[in-house]
Amino acid sequence: MAVKVCMGNEAIALGALAAGVKVAAGYPGTPSTEIIETLIAVHHPDVKVQWSTNEKVALEVAAGAAYAGARTLCTMKQVGLNVASDPLMSLAYIGIKGGMVIAVADDPGPWSSQTEQDTRNFAKHANLPVFDPSSPEEAYEMVQAAYELSETFALPVFLRPTTRVCHASADVDVREDITIREVKQNELARAFDTMPFNRIERGGASRKGVAVSGVSYLYAKEVIGELGLDVVLYKVGTPYPLPEKTTRDFLNEVDSVLVIEELDPVVEEQLLIAAAGKRPILGKRSGH
């Protein structure tokens, strides 16, 4: 292990290398550009890296290599996913052999994009799993877990960093050697239960719950610490589908839930279904 100061996008690229990525293709667009730039700069002799003509071509290049059994990475920003949507929807049916991670950087604000767009909704629409990192360190770990999950279920997997995760910098424990593990769960939601990116952080005796996704976790932790709040905090690192048992355990511990997430109420809507009216779920839909 070696500690390296990494920008979020650099951490994603290094995580993909640690996972054994063989082919990476992308189309430039802030806040995603530095992922491919990092892979080009590293210039690993066993990894084929390219800027593609557009996002659709990038996805097809990565998919073709994944069909053949290689681990692949495809990168773009959120509006680029619209361009790649045609082959993406087919991939959910066709499946892949080698692990395939589609890193789509969302831009809440938006700071450098025409519009806001929430990739978690696209993942839900395509029936594909999505990872939502809260920091560069977690992005490094998540991209490796995403490859394992992808190969277990023979499906592409989304990694959805947002602008502040992509461009923040942090110390990352970079692995020099990695052993690829196998995940044997039969269902995605149950597989997510085994991953460290989802957890319940308990305070004192409070039965007030706060569910957070992505970088909102760090915002919530800061406020909870500054104000000395006593809450049960549910950190959601894989927002679609929600982990089955962890979500059930969280709801059983609380009387009400406030959901904090960037852009659309993806986690909130799933918690509403899981709660089945037995406790209030507050967030964007409720106006809170």
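Pro31 sits in the loop that runs between β2 (23-26) and α2 (34-42). Those element names come from DSSP runs, numbered from the N terminus: helices are H or I runs of at least four residues, and strands are E runs of at least two. What you are looking at is a predicted model, in which local features need pLDDT of at least 70 and side-chain atom pairs count only at pLDDT 80 or more, while totals for chains, interfaces and linings use all residues. Residues are numbered from 1 along each chain as its sequence is written, and side-chain values use heavy atoms, with hydrogens and water left out.

Back to Pro31. What kind of peptide bond joins Thr30 and Pro31? The bond is cis, with omega at about 15°. Another cis peptide bond joins Tyr240 and Pro241, where omega is about -10°. Pro241 is also a loop residue, placed between β11 (232-236) and α11.

Now the chain as a whole. How many helices and strands does the chain have? There are 12 helices and 13 strands. Along the principal axes, the C-alpha atoms fill a box of roughly 55 × 40 × 40 Å. The radius of gyration, taken over C-alpha atoms, can be set against a globule rule of 2.2 Å times the number of residues to the power 0.38. For 288 residues a compact globule would come out near 19 Å, and the chain has 18 Å, which agrees.

Next, burial. I call a residue buried under 20% relative accessible area, exposed over 50%, and partly exposed in between, using a 1.4 Å probe and protein chains only.

Thr72 is an example. Is Thr72 buried or exposed? Thr72 is buried, at a relative accessible area of 0%. Thr72 belongs to strand β4 (residues 72-77). Beyond its neighbours within four places in sequence, Thr72 has contacts that include Val21, Val23, Ala62, Gly99, Met100 and Tyr147.

Then the loop between α7 (136-153) and β7 (157-159), which holds Leu155. Leu155 is buried, with a relative accessible area of 17%. Setting aside residues up to four places away in sequence, Leu155 touches Leu91, Ala92, Ile96, Met100, Leu128 and Ser150. From Leu155 to Val101, 54 residues away along the chain, the C-alpha separation is 9.2 Å.

Ala154 lies in that loop between α7 and β7 too. Its phi is near 55°, a positive value in a residue other than glycine. Ala154 is partly exposed, at 30% relative accessibility. Leu263 likewise has a positive phi, near 70°. Leu263 sits in the loop between β12 (256-260) and α12, and is buried at 15% relative accessibility.

On to cysteines. A disulfide is a covalent bond between the sulfur atoms of two cysteines. The test used here is a pair of cysteine sulfur atoms within 2.5 Å, and the count comes to zero. Cys74 is in no disulfide either, with the sulfur of Cys166 as the nearest, 14 Å away. Cys6 is buried, at 0% relative accessible area, and Cys74 is buried, also at 0%.

Last, the largest pocket. The search runs on a 1 Å grid over the protein atoms alone; a pocket is an open set of points with protein on both sides within 12 Å along at least five of seven lines, and lining residues have an atom within 4 Å of a point. Points are joined across faces, edges and corners, and the volume is the space filled by probe spheres set on them. The largest pocket holds about 250 Å³. Its lining has 14 residues, with Glu244, Thr247, Leu251, Gln270 and Ala274 nearest the centre. Which elements give two or more residues to that lining? They are α11 (244-253) and α12 (266-275). The largest share, five residues, comes from α11.

By class, the lining has seven nonpolar, three polar and four charged residues. Here Ala, Val, Leu, Ile, Met, Phe, Trp, Tyr, Cys and Pro count as nonpolar, Asp, Glu, Lys and Arg as charged, and the others, Gly among them, as polar.

Terms used. 1 Å grid on protein atoms, 1.4 Å probe; cavity = no way out; pocket = protein on both sides within 12 Å on 5 of 7 lines; lining within 4 Å. Contact = heavy atoms within 4.5 Å.
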